[in-house]
Amino acid sequence: MTNFLTLDGPARTVMTVLYGVTAALLCLAAMPVVARAWRLLARGRGEWLAFLPVADSVVQVAVTGRLHYTTSLMLTLLGLGAAVTSRRLAAVASLAGLTGWVASVVALPELRGSELGHYSLQLAFAVVLGALMHEALRRRQRQLRSVHERAVTVADGFERLFYASPSGVAIADDEGQVIAANPAFCELVGQPADEVVGGSIRRYLLEDGADEGQREIIRPDGSVRWAYLTIGRSNVGKEVKDVRRRQSWTLVQLQDITERHLAEEAVRDSHRLVAAVGAAARRIRTGEDARTTIIAAIRDLAYADNVTLLEPADCGSVLVATGADGADVIGTRVPLDGSSMIARVYHSGEPIFLADPAKDPRVSTALLSMVDGKSMLWQPVVVNGMIMAVLVVGWTRRVESVSDNRFLAVGLLADETALALDHDRLLRRLERMAFTDTLTGVPNRRAWQENMIRLCDEVRATGAPLTVAIADLDHFKRYNDTYGHAAGDDLLQRAAGAFGGQLREDDFLARWGGEEFVIALPGAGAAEAVAVLERLRTAMPDGQTCSIGCATWNTTESVEQLLQRADDALYVAKNDGRNRIRTSEVALTA
């Protein structure tokens with residue numbers, strides 16, 4: 001439209017037609033239906049349409065014979081840098097535009113006026129700026145792809161964990177509608193997934209509205225199952241002021257306890273001892289230290305004098321006493337490559353009782369001396385066929401047999417031990433995943449944020465100084481481009497290890513993102529912090545360097561402001577030549 005209104009003669013006709021055709025083709029290519037068809041026909045070469053506006057800009061200069069139309073070509077080359085993802089195509093298109101413009105200037109004398117030098121410099125500047133914009137675009141795309149891949153990996157891991165969980169798990173939205181249910185949940189309630197998903201979660205909850213407890217489940221075929229129900233709730237976007245944008249999720253976990261429930265019912269009716277087992281089981285679910293609760297309950301219900309729990313350590317080569325009641329054996333290590341009774345029970349998974357263990361050569365005399373054992377029972381702790389620990393029950397008096405309720409109590413509580421240890425292991429694993437950087441093994445940003453809340457509270461209470469620092473690996477992109485991303489990941493891992501080896505006991509190191517690490521130095525002022533950070537700087541592996549900026553908290557600013565000052569100091573360190581430390585000094589206000 002501009003060409004039609006401002007030009008005249010053949011130039012008006014030529015340019016109006018060219019730009020009209022170009023606009024029509026680009027608009028068609030942008031339409032979803034046409035775009036999909038074009039991608040199929042062009043086989044990934046759709047960005048070749050970028051040559052159209054370049055050609056139009058060159059033709060405009062040649063047809064009009066006016067040098068100021070070089071501005072259109074400059075803007076087009078800038079657009080190429082921002083819109084075209086192919087480096088080769090952007091370079092070829094830019095070169096074609098420059099070649100066409102130079103050819104026009106050479107062929108048309110009227111273009112070689114006094115402003116030729118000015119426009120030549122401007123055009124060259126546009127090419128350089130377009131190239132910079134193009135590289136920035138490619139870098140951002142690589143970052144987005146990396147973030148997407150990490151997100152997909154984490155999502156896939158949680159999805160596999162969700163569907164492979166032996167416990168029934170279902171998730172409901174804020175309206176109480178089930179949006180996902182794993183196979184174990186569908187099997188427990190006796191309904192296919194397409195009937196569970198989309199239904200109400202309320203039919204699976206407890207009538208009294210409690211968040212956990214046992215409940216009866218009557219399946220469609222009339223069979224009855226018993227499950228232990230646990231409910232977790234999560235509000236997404238609590239910080240969002242607009243209530244309509246907040247979401248509430250409900251996670252319902254059903255653990256099939258039918259066999260245990262029936263067994264407990266039968267035994268409860270026949271003997272008071274089994275009632276105590278059920279009470280102990282409930283204490284285990286609500287107690288903070290499952291090991292202590294279980295060991296105390298076994299000692300009480302089995303009328304034993306001492307109970308010890310041994311768990312694997314050192315990659316499963318030894319068992320270590322992690323809990324004990326009635327004996328001072330915490331920390332005792334038992335090798336699993338020997339012929340001891342503990343090793344045999346751990347490998348076989350079969351319980352063994354000896355009325356007189358002193359006569360069996362497989363029983364350690366040192367162990368008998370430590371617990372004053374006259375009779376002993378070794379009970380494996382099993383989860384899904386895997387031995388997780390061994391319980392050792394001892395009596396300082398001779399016990400002829402444990403075929404009565406004492407053996408039943410130990411067996412039932414061993415099952416509870418297995419559930420508690422498996423639950424504890426899963427929680428630790430999830431906590432590590434949530435608070436640990438998967439590449440370097442150091443705490444991640446989420447762990448840093450929670451730790452800073454604690455540190456700030458301690459500093460306010462004690463009046464001690466607190467310094468934070470940001471360390472950035474110098475020329476990390478160049479290192480990646482030279483040696484490859486695998487080498488870059490290895491450098492990040494070794495740098496994290498080297499940094500951690502130089503910090504003090506109370507210092508805290510976390511990966512902030514990319515090649516940046518954040519360090520909290522409680523109790524350290526600026527001078528002491530610089531001394532510690534200097535050790536970090538010189539510990540960089542593989543002959544590489546890093547720049548560090550640090551700031552000391554003035555107790556009035558926010559954590560974000562403190563980090564911003566450290567980040568500003570980091571930029572100063574980089575601008576001063578890298579491989580150095582810079583501090584941020586601020587005046588404290590009254």
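In what sense do strand 1 and strand 2 pair, and over how many bridges?

A: Strand 1 and strand 2 are paired in the antiparallel sense, over three bridges. The model is predicted, so local features need pLDDT of at least 70 and side-chain atom pairs count only at pLDDT 80 or more, whereas totals for chains, interfaces and linings use all residues. Residues are numbered from 1 along each chain as its sequence is written, and side-chain values use heavy atoms, with hydrogens and water left out. Helices (H or I, at least four residues) and strands (E, at least two) are DSSP runs numbered from the N terminus; two strands pair if DSSP finds at least two bridges between them.

Four of the five residues of strand 1 are buried, so strand 1 is largely enclosed by the rest of the structure. Here buried means under 20% relative accessible area, exposed over 50%, and partly exposed in between (1.4 Å probe, protein chains only).

Ile 179 belongs to strand 2. With a relative accessible area of 40%, Ile 179 is partly exposed. Neighbours within four places in sequence aside, Ile 179 is in contact (heavy atoms within 4.5 Å) with Ile 171, Ala 172, Asp 173, Val 197 and Trp 249. Val 197 is 18 residues away from Ile 179 along the chain, yet their C-alpha atoms are separated by 5.4 Å.

Helix 7 contains 49 residues and reaches 71 Å from its first C-alpha to its last, close to the 72 Å expected at 1.5 Å a residue; the expected span is 1.5 Å times one less than the number of residues.

Helix 6 (residues 87-107) packs against helix 7 (residues 116-164) at an angle of about 175°, with the axes 11 Å apart. Axes are lines fitted to C-alpha atoms, for helices over the stretch in contact, and angles run from 0 to 180 degrees between N-to-C directions. The two helices, helix 6 and helix 7, are therefore roughly antiparallel (angles under 35 degrees count as roughly parallel, over 145 as roughly antiparallel, 65 to 115 as roughly perpendicular and the rest as oblique). Helix 6 contributes Arg 87, Ala 90, Leu 98, Trp 101 and Val 105, which meet Leu 116, Ser 120, Leu 123, Val 127, His 134, Glu 135 and Arg 138 of helix 7. By class, this contact of helix 6 with helix 7 has seven nonpolar, two polar and three charged residues. Ala, Val, Leu, Ile, Met, Phe, Trp, Tyr, Cys and Pro count as nonpolar, Asp, Glu, Lys and Arg as charged, and the others, Gly among them, as polar.

The wider setting may now be outlined. The protein has 20 helices and 16 strands, and buried residues make up 40% of its 590 residues. Of the contacts with a separation of 6 or more, 56% come from residues 24 or more positions apart.

Within it, strand 6 (residues 306-313) and strand 11 (residues 386-395) pair over five bridges, and Val 307 stands opposite Val 393 in strand 11.

Another open sheet has five strands in the order 13-14-12-15-16, with mixed pairing. Its edge strands are strand 13 (508-513) and strand 16 (581-584), and its twist averages 20° from one strand to the next. Strand 12 (residues 466-473) and strand 14 (residues 516-522) run antiparallel and are joined by seven bridges. Asp 472, in strand 12, counts as buried at 6% relative accessibility.
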